[in-house]
Amino acid sequence: MTYLGLDLGTSGVKALLIDEGQRPLAEGHAPLEVQRPHPMWSEQDPHSWITACEIAIAEVRAAAPDAFAALRGIAVSGQMHGATLLDANDQPLRPAILWNDGRAHAECAELEERADFRGLGGNIVMAGFTAPKLRWVQKHEPEIFAQVRKVLLPKDYVGLWLTGEHVSEMSDAAGTLWLDVEKRDWSDELLAATELSRDHMPRLVEGSARAGGLRAELAAQWGVGNVTVAGGAGDNAATAVGLGLVQPGQGFLSLGTSGVLFTVTDRFASNTASAVHSFCHAVPKTWHQMGVILSATDALAWLGQITGQSPAALAGMVQDLQQPSAITFLPYLSGERTPHNAPDAAGAFHGLRRAHGLPDMVQAVMEGVGFAFADCCRALDHCGSLPERVCVAGGGSQSETWLQMIADITGLALDVPESGAQGAALGAARLAMLGCGGAAEAEVIRPPKIRKSIAPNPALTSAYAERYANFRAAWEQRLAQ
């Protein structure tokens, strides 16, 4: 028997087929494009998600036809927060409004006044979440809003294609702002604030539970038998499942385009004062908290675009660090979430002098990202959920120099997995296994083998503590301007 994990990202779809021993058998990929018709807008055609899934699945079938024929379960991981608006015939009424769309900033304050989103939803109302997007549509596209019969998240639209049913799960639903995160159920009060009801929402299941069965038409087309489709997960929760992180006190640090510090908890708790995200996890009776920074490796990519250097070449300029940089860099090139909730925040160099060269600036940028992670650590520590060590994920984790720097700045011990196969697609495939029943969670969701552990260097930790104080002072200075 085999299991398929689909990871619906913003820039593409990945399909991963594994066997009962969780050995990867085949992969497929397909790109996606984002449309930005106006400033701060970010949209995708929901039909393009299905096309991309078909392409990725076709690659898997071609690479491992016999193994695919033994398919028993599917689950989908997906980009969170996107508003997919369907009419009475389940047809999209407009392009989906994505997680990184900022048009609904004015609607956030309106919703905060209408209901207790922070208390019940566990999070600050931000333009990236789903609820303010619907308020924006109601105000600016009332003819569209009047036709809305279902609101689905991106991965759940793929689930509709797979099963013919409207189903979501807790980790992704928590990012809509309509979920009572503690009770793991839709909140009538929060829905009413956007003039919606439960009738507009999909049915809820746990991410590791059965959501439905594969449609007969697809089963015949693919040459498979009865296939279970599990609930799946939002992208970060799926990554945690792929890394084997479902027990309280576990966590990961993702050094990707954006940055995430993710911790698992056994209860609902929030820290909206520091813009911590508090969501349900993809398995029952488990929650998670996240500190999120919007420019991690993207900060180095930005410097690379300016200087004509690749990010890898820039990172290679910083080796064998003996002391922190004298330059302070604020990595707020796309605003910031944790802890500032400041979409208009801007990046800046402080202390830059004529004698400084490009390697000095590179070190400052890498350290600035580390200091932003330190801010996330402070926010999560306030909730009592900060672990002492975390796994690492994301493209930036290939730089051991950067990881050592982050360990020195934050005080976290960082575990580097032996294999790069862990991730959201593997997490989805594992949820597919659980959704089929008969397997214990602890047997399926197991931690990876660790290739290397990076401990903080005490000689640099104290020096970075002083530089971190300068980093926070630089932010306060910018805030006062």
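Predicted model: local features only at pLDDT ≥ 70, side-chain atom pairs only at ≥ 80, totals over all residues.
Most residues other than glycine have a negative phi, and most peptide bonds are trans. With a relative accessible area of 10%, Gln22 is buried.

Next, move to the loop between strand S20 (328–330) and strand S21 (348–350), where Pro339 lies. The peptide bond that leads from Thr338 into Pro339 is cis, with omega near 5°. Asn341 is partly exposed, its relative accessible area being 29%.

Now display the open sheet of seven strands, whose order is S18-S19-S17-S16-S22-S23-S24 and whose pairing is mixed. Strand S18 (277–280) and strand S24 (450–454) stand at its edges, each with a single partner strand, so one side of each is left without a neighbour in the sheet. On average, and ignoring direction, neighbouring strands of this sheet are turned by 25° against each other. Zoom in on strand S23 (residues 413–417), which pairs with S24 in the antiparallel sense over four bridges, and find Pro417 opposite Ile450 in S24.

Helix H14 (residues 358–382) lies across strand S16 (251–255), strand S17 (259–265) and strand S19 (287–293), running at about 145° to S19, while helix H15 (residues 400–410) lies across S16, strand S22 (389–393), S23 and S24, running at about 45° to S24.

Definitions and conventions
Residues numbered from 1 in each chain as written. Heavy atoms only, no water. Helix = DSSP H or I, 4+ residues; strand = E, 2+ residues; numbered from the N terminus. Buried < 20%, exposed > 50% of the residue type's maximum accessible area, 1.4 Å probe, protein only. Pairing = 2+ DSSP bridges. Axes fitted to C-alpha atoms, helices over the stretch in contact; angles between N-to-C directions. Contact = heavy atoms within 4.5 Å.
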